[in-house]
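I set out to record what I looked up in this structure. The entries follow in the order in which I made them.

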Amino acid sequence: KMQNGQRILGNVNYKPRQVAIILFSLVASLAINWALFGQQITDRLQGWGTAVFAEQESIVDRKHFASISYEMIKANPLLGVGLRNFVARMDEYNRPASPDERASRGGGERLLPHQHQPVHNIYLLIATETGLLGLGVFLLLLITIAKSAVVRLGQMKVDADSQDRGVRVILLVIFGGFLFLGLFDHYFISIHQSAMLFWMVAGMTAAKP
């Protein structure tokens with residue numbers, strides 16, 4: 001409309017009252033959380049050094065779960081230990097490798113009950129449970145989905161399909177974000193709701209216009 005000389009004065013989509021309500025809600029939520037959990041938030045924010053970060057329990061546990069996964073893959077490289085068997089069999093491959101890891105377990109070799117959980121990496125988890133063959137199939141599927149989305153995006157005309165192109169780009173970015181988050185957690189394949197969300201986005205990303 002600007003190109004045709006029909007510029008609209010005033011943005012009808014801008015609603016200051018709603019924006020103010022959202023901002024007030026965010027500030028109020030921050031204040032309430034700070035009042036209730038101020039000490040925990042402070043503890044999280046303090047100590048930004050690399051050494052302090054590396055000693056955090058979440059980092060130590062993730063490293064140990066990854067070492068268990070590597071042990072499982074070495075023992076069962078092609079077909080893995082079986083679907084949903086990582087947690088069930090992780091005690092068999094538990095090898096605390098450093099004094100820090102042994103100290104985090106109270107000096108013992110056994111995992112604590114809350115530490116029986118999948119490795120926090122979807123690619124390692126798939127390789128552990130279905131073997132390198134299963135991981136290869138999974139990666140091939142991801143590459144096919146991404147390639148299909150990029151090809152269809154390139155075939156769209158910039159002017160005629162601008163809105164659809166925008167939706168496609170957003171879906172592709174979200175899908176890529178899911179794959180990146182998969183490097184640090186397992187819920188996209190281990191939790192039903194997250195798995196449904198992952199594959200719904202994958203399907204919409206690869207779907208034909």
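Entry 1, the largest pocket. I looked up its volume in this predicted model and noted a value of about 210 Å³ for the largest pocket. I then listed the lining, which consists of Leu83, Arg84, Leu125, Ile126, Glu129, Thr130, Gly134, Phe138, Phe188, Ile189, Ala195 and Trp199. By class, I recorded 8 nonpolar, 2 polar and 2 charged residues in this lining.

Which helix supplies the largest share of the lining? I found that helix 6 does, with 6 residues. Helix 8 (187-190) and helix 9 each supply at least two residues as well.

I checked how helix 6 (residues 122-155) lies relative to helix 9 (residues 192-206): their axes come within 8 Å and cross at roughly 40 degrees. Helix 6 is therefore oblique to helix 9. On the helix 6 side, I listed Phe138, Leu141, Leu142, Ile145, Ser148, Ala149 and Arg152. They meet Phe198, Trp199, Ala202, Thr205 and Ala206 of helix 9. I classed the residues of this contact as 9 nonpolar, 2 polar and 1 charged. I noted that Phe138 and Trp199 take part in this contact and also line the largest pocket.

Of the 209 residues, 29% count as buried. Among contacts with a separation of 6 or more, 64% join residues 24 or more positions apart.

Notes: Residues are numbered from 1 along each chain as its sequence is written. This is a predicted model: local features need pLDDT of at least 70, side-chain atom pairs count only at pLDDT 80 or more; totals for chains, interfaces and linings use all residues. Side-chain values use heavy atoms; hydrogens and water are left out. Axes are lines fitted to C-alpha atoms, for helices over the stretch in contact, and angles run from 0 to 180 degrees between N-to-C directions. Helices (H or I, at least four residues) and strands (E, at least two) are DSSP runs, numbered from the N terminus. Angles under 35 degrees count as roughly parallel, over 145 as roughly antiparallel, 65 to 115 as roughly perpendicular and the rest as oblique. Contact means heavy atoms within 4.5 Å. Ala, Val, Leu, Ile, Met, Phe, Trp, Tyr, Cys and Pro count as nonpolar, Asp, Glu, Lys and Arg as charged, and the others, Gly among them, as polar. On a 1 Å grid over the protein atoms alone, a cavity is a set of points where a 1.4 Å probe fits but cannot get out, and a pocket is an open set with protein on both sides within 12 Å along at least five of seven lines; lining residues have an atom within 4 Å of a point. Grid points are joined across faces, edges and corners, and a volume is the space filled by probe spheres set on the points. Buried means under 20% relative accessible area, exposed over 50%, partly exposed in between (1.4 Å probe, protein chains only).
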